[in-house]
Amino acid sequence: MIDIILLIIESPFLQRALIGVFMIAIVASTSGSFLVFRGLSFMTSGVAHAALGGAALGLFLQASNIAPWFDPMLGALVFSVFVALVTGHAGETGIGEKMEVAVGVSFALSMSLAVFLMYYIPPVEVPGIWGYLVGDLLLLNNLDIIMLAGTAVLLLIAAILFNKEFVYVSVDMEGSTAQGLNARAYHYLMLITSALAIALATKAVGAILVYAILVAPAAASNELLGSVRSVMIAVFVIAVVSQVAGIAVSLSVRASPSAIAGILAAMSYVVALQIRKMRDRVHIDEELEQLLQPSGIEMLDAAEGRGHTHND
Amino acid sequence: MATESLLSAHDLAVRYPNGEIALHHVTFEVSSPSFMAIIGPNGSGKSTLLKTVLGLLKPLRGSVGLLGLDSVKNQSRIRKLVRYVPQRDRIELNVPMKVKDIVLMGRLVKKPPPRVASHEDKKAARSALQQVAMDEFWERPFPELSGGQRQRVLVARALAGEGPVLMLDEPLAGTDVDSQDLIVDALGVYHRENDVSIIMVTHDLNPIHTMVRDVLMLKNTVVGVGTPCDVMDPELVMSLYGPTAKIVEHSGHRYCVTQDSGVDRHD
């Protein structure tokens, strides 16, 4: 144990990785949970790829000297918010399917723009664009941590302050609006903060880990747990455990921590589905048992008794 | 309050979100307090009328008002007065809500943040669930209930809330007979014992026609307004539901027989 603590104290990159783990877990338990509740898990992937388009635009504007001040990260964030706004607009009536289509369209638009602009960006800069999709827990720098922590804390505050509002907007947008809640504002707040966090998390730890950690634990917890709070806590725990396990394994075996964490997080969903299946089977057995309890048998007896008096 | 107008429209026209005209030349007035039913076949603009009153849709022409408040100018005041039950399929079942969370929502949605449930809120929620015989389900996950049970919980959400007008959009569509009876009885008793008006959109007047005071018949425009007995007229009913609609009399009441199923959406 002491060895591990010493190792962490001596390795700034491990410290950054562990802080990153907690920040990603916060993003997963807040925006990940709500995106899964709203049937919008695809938005995670949509936003990450839109960020890529934005980064490409930033690099293009810098390389062509049109707007040298335009940082690629700024482009990435602007495009992420664009996806959130388009999705939000499609979902103002509270219909999940329309939002899913909006994510798909804005995702395609941003990716196409990225590929289009790649022809006009100096070839040496092109790998930098893809850098917005690949990151690694063990390669986080201080700026990554500061930006990630900033949005994670913002998300956490929003989720604590407006937990009920976010839930109401997710469960019954029409009814909430009709009864005086400013549902539109909360709807957009939820989507925009999620989009910013997803974009920054993707830049920091890589797209695959972000998809896996944001979607799978929330989907797994939502299969098994019956309240919003318990789902959010469970997501946080699964996210931390799978990422820490990923780092631990990568220290002893030659493997990417993000890959291990991603596999573990995704497995949580598979395991949850199996548990759910087993639980349902037990429920069915119990229900069938109950039908054979005294009252049920009496009914059968009574039916048999009556059978003799039927006029066929 | 006795002579105040509950719901009134003047030359109202509204489009569905898909662009079709849902309502046109709608003019009527119903006084408050009332138990009012808005009836008509699928796609006749009943739900659209409710949504326009609540400011969820804007009038294309004319105006509609609730308790003398205009739907456009006084939108936020109207929303404070109304407890609304949308069509059941509008409720997202992917959110892990317990029955108590749904019912408490009826009260907390009108409170300022952080919307913490007080002892009084919980008491009102439990009492509302009792009225629809769902109090044993307090801790149960809402998405796991049957359709009829979910509808009863949504009605309880409205009963638990505050505000002088209850608006319900097809609360009886696709529910089992037991749930239907429980909902109708609960609403009838609640209307009698409290100073509230109820406006209910329904494709079928029969289950509620003994307790309803005013009926508005819609088929994209007003076909008839009056008491249930006034509107249970063979010609009116045929103009609303087509030539297969019939009026039958049973135990001194007139009932309407149609082939209409209920829920319709125009997104």
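Across all its chains, this predicted model holds 16 salt bridges.

One pair brings together the side chains of B:Arg157 and A:Asp172, with 2.8 Å from N to O. This pair crosses between chains: B:Arg157 belongs to helix H5 (residues 147-160) of chain B, while A:Asp172 sits in the loop between H8 and helix H9 (173-178) of chain A. Are these two partners buried or exposed? Both B:Arg157 and A:Asp172 are buried.

Other pairs stay inside one chain. The side chains of A:Glu223 and A:Arg276 form a salt bridge at 3.9 Å, N to O. Because A:Glu223 lies in helix H11 (residues 207-224) of chain A and A:Arg276 in helix H13 (residues 257-291) of chain A, the pair ties together parts that are 53 residues apart in sequence. A:Glu223 has 22% relative accessibility, so it counts as partly exposed. A:Arg276, at 25%, counts as partly exposed too.

In chain B, the side chains of B:Glu139 and B:Lys100 meet in a salt bridge. Here the link is again between distant parts of the chain, 39 residues apart: B:Glu139 is in the loop between helix H4 (119-131) and H5 of chain B, and B:Lys100 is in helix H3 of chain B. With a relative accessibility of 45%, B:Glu139 counts as partly exposed. Chain B also has a network of salt bridges that links B:Arg107, B:Lys111, B:Glu120, B:Asp121 and B:Glu162.

Here are some salt bridges side by side:

| Side chain | Side chain | N to O distance |
|---|---|---|
| B:Arg157 | A:Asp172 | 2.8 Å |
| B:Lys51 | A:Glu174 | 3.8 Å |
| A:Glu223 | A:Arg276 | 3.9 Å |
| B:Glu139 | B:Lys100 | 3.1 Å |

Now for the interface. How many residues of chain B are in contact with chain A? There are 27 of them, and they meet 28 residues of chain A. The two chains bury about 2600 Å² between them, with 57% of it on carbon and sulfur atoms. B:Pro96, B:Val109 and B:Arg115 supply 22% of the area that chain B buries against chain A, more than any other three residues. Four salt bridges are found across this interface, and eleven residue pairs are in polar contact between the chains. On the side of chain B that touches chain A, strand S6 (82-85) and helix H3 (99-108) are the elements that give two or more residues. That side has 15 nonpolar, one polar and eleven charged residues.

Next, take a look at helix H7 (residues 142-161) of chain A. At the start of H7(A), a side-chain oxygen of A:Asn141 comes to within 3.1 Å of the backbone nitrogen of A:Leu143. Its buried residues include A:Asp144, A:Leu148 and A:Leu155. The buried residues of H7(A) pack against helices H2 (12-37), H8 (163-171), H10 (183-205) and H12 (228-252) of chain A.

A:Ser80 lies in helix H4 (residues 72-90) of chain A, and its 0% relative accessibility is why A:Ser80 counts as buried. The side chain of A:Ser80 reaches the backbone oxygen of A:Ala76 at 2.7 Å. B:Gln87 is found in the loop between S6 and H3 of chain B; its side chain makes a polar contact with that of B:Asp169 at 3.4 Å.

Note on methods. Residues numbered from 1 in each chain as written. Chains lettered and ligands numbered in written order. Predicted model: local features only at pLDDT ≥ 70, side-chain atom pairs only at ≥ 80, totals over all residues. Heavy atoms only, no water. Contact = heavy atoms within 4.5 Å. Buried area = accessible area lost by both parts, 1.4 Å probe. Polar contact = N/O pair within 3.5 Å; in protein donor to acceptor, adjacent residues only side chain to side chain. Helix = DSSP H or I, 4+ residues; strand = E, 2+ residues; numbered from the N terminus. Nonpolar A, V, L, I, M, F, W, Y, C, P; charged D, E, K, R; others polar. Buried < 20%, exposed > 50% of the residue type's maximum accessible area, 1.4 Å probe, protein only.
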